[in-house]
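Here are my notes on the fold, as numbered points. Please read them with the structure open.

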Amino acid sequence: MSGSCCDIEVKTQAEKKLLITLLSINATMFVLELTVGIISESTALIADSLDMFGDAMVYAVGLYAVGKSLETKAKAAYLNGILQIILGTSVLLDVMRRLVFGSEPDSLLMVVLGVVALTANLICFALLMKHRQGEIHLRSTWICTRNDVIANVGVLIAAGLVAVYHSPLPDLIIAFLIAGVVLYGGIQILREAKQSTKPSTSCCGSC
């Protein structure tokens, strides 16, 4: 296989190493954010933690797809999109629950975890930058990570507003917006997965 048009073996090993790193970061942040989100009664943090969990699953599915056929990669991306939609819907349900039963989010804990989560996602985002126009299984992970950065900034904004207004509403509003970003990302992934299965010509197609 030495000198093949796509250097498949080298590419596959690099992708595996990248996805394992991303999976480890997101799985760790999921546990941390969920724990602090429950303690601080922050729906925005819980929403972001579920997004981290979804991304961990995205990276796990992407890891499975590495080195496999385009059809398998498209199916993996479809699964990623569906996971994002399920998580976004779950967050919306939690927002409605807290609107009914109330909550008292801790702005300080939100800020601390928001900064940690943002740092983790910026690292992931930087690692994935060169893959943002790549194959669908990796592009879908880039879309998810991009959405995470947006969500992290949202958590920090919510924390500031909660501290200023002493109200849980900013937390719930930001959680609602995060859910919207996640849902949109899921739909975008499904669309691009569908597009990726359309016939095309490439160097690898002649290998």
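1. Start with α2 and α4. Their axes are 11 Å apart and meet at an angle of about 25 degrees. That angle is under 35 degrees, so α2 counts as roughly parallel to α4. The crossing of α2 and α4 is left-handed. Keep in mind throughout that this is a predicted model.

2. The overall layout is quickly told. The chain holds six helices and zero strands. Along the sequence the pattern reads α-α-α-α-α-α. Of the 207 residues, 45% count as buried.

3. Next, α2 against α3. Helix α2 covers residues 43-65, and its axis comes within 9 Å of that of α3. The two axes cross at roughly 170 degrees. α2 and α3 are therefore roughly antiparallel to each other. The contact of α2 with α3 has 15 nonpolar residues, with five polar and five charged ones besides.

4. Is V58 buried or exposed? V58 is buried, because its relative accessible area is 0%.

5. Now α3 itself. It has 32 residues. From first C-alpha to last, α3 reaches 47 Å, close to the 46 Å expected at 1.5 Å a residue. Just after α3 comes G102, with a positive phi of about 85 degrees.

6. The contact of α3 with α6 comes next. Helix α3 spans residues 70-101 and helix α6 spans residues 169-196. How are their axes arranged? They come within 8 Å and cross at roughly 160 degrees. This angle is over 145 degrees, so α3 and α6 count as roughly antiparallel. The crossing of α3 and α6 is left-handed. In the contact of α3 with α6, 21 residues are nonpolar, seven polar and two charged.

7. G81 counts as buried, because its relative accessibility is 0%. Which distance separates G81 from I187? C-alpha to C-alpha, G81 and I187 are 6.3 Å apart in space, yet they are 106 residues apart in sequence.

8. On to α4, residues 107-128. At the start of α4, a side-chain oxygen of D106 reaches to within 3.0 Å of the backbone nitrogen of L108.

9. Which residues of α4 are buried? They are M110, L113, G114, A117, L118, A120, N121, C124 and L128. In general, an α-helix has 3.6 residues a turn, so residues three or four places apart point the same way. The buried set of α4 can be read with that spacing in mind; M110, L113, G114 and A117 are among them.

10. L122 is also part of α4. L122 and T145 are 23 residues apart along the chain, and their C-alpha atoms are separated by 8.3 Å.

11. Most residues other than glycine have a negative phi. E41 is not a glycine, yet has a positive phi of about 60 degrees. E41 lies in the loop between α1 (8-40) and α2. With a relative accessible area of 32%, E41 is partly exposed.

12. H166 is the other case. It is not a glycine either, and its phi is positive, at about 50 degrees. H166 is found in the loop between α5 (136-165) and α6. Is H166 buried or exposed? H166 is exposed, because its relative accessible area is 71% and the cut-off for exposed is over 50%.

Definitions and conventions: Residues numbered from 1 in each chain as written. Predicted model: local features only at pLDDT ≥ 70, side-chain atom pairs only at ≥ 80, totals over all residues. Heavy atoms only, no water. Buried < 20%, exposed > 50% of the residue type's maximum accessible area, 1.4 Å probe, protein only. Helix = DSSP H or I, 4+ residues; strand = E, 2+ residues; numbered from the N terminus. Polar contact = N/O pair within 3.5 Å; in protein donor to acceptor, adjacent residues only side chain to side chain. Axes fitted to C-alpha atoms, helices over the stretch in contact; angles between N-to-C directions. Parallel < 35°, antiparallel > 145°, perpendicular 65-115°, else oblique. Left-handed = near helix turned anticlockwise from the far one by under 90°. Nonpolar A, V, L, I, M, F, W, Y, C, P; charged D, E, K, R; others polar. Expected span 1.5 Å × (residues − 1).
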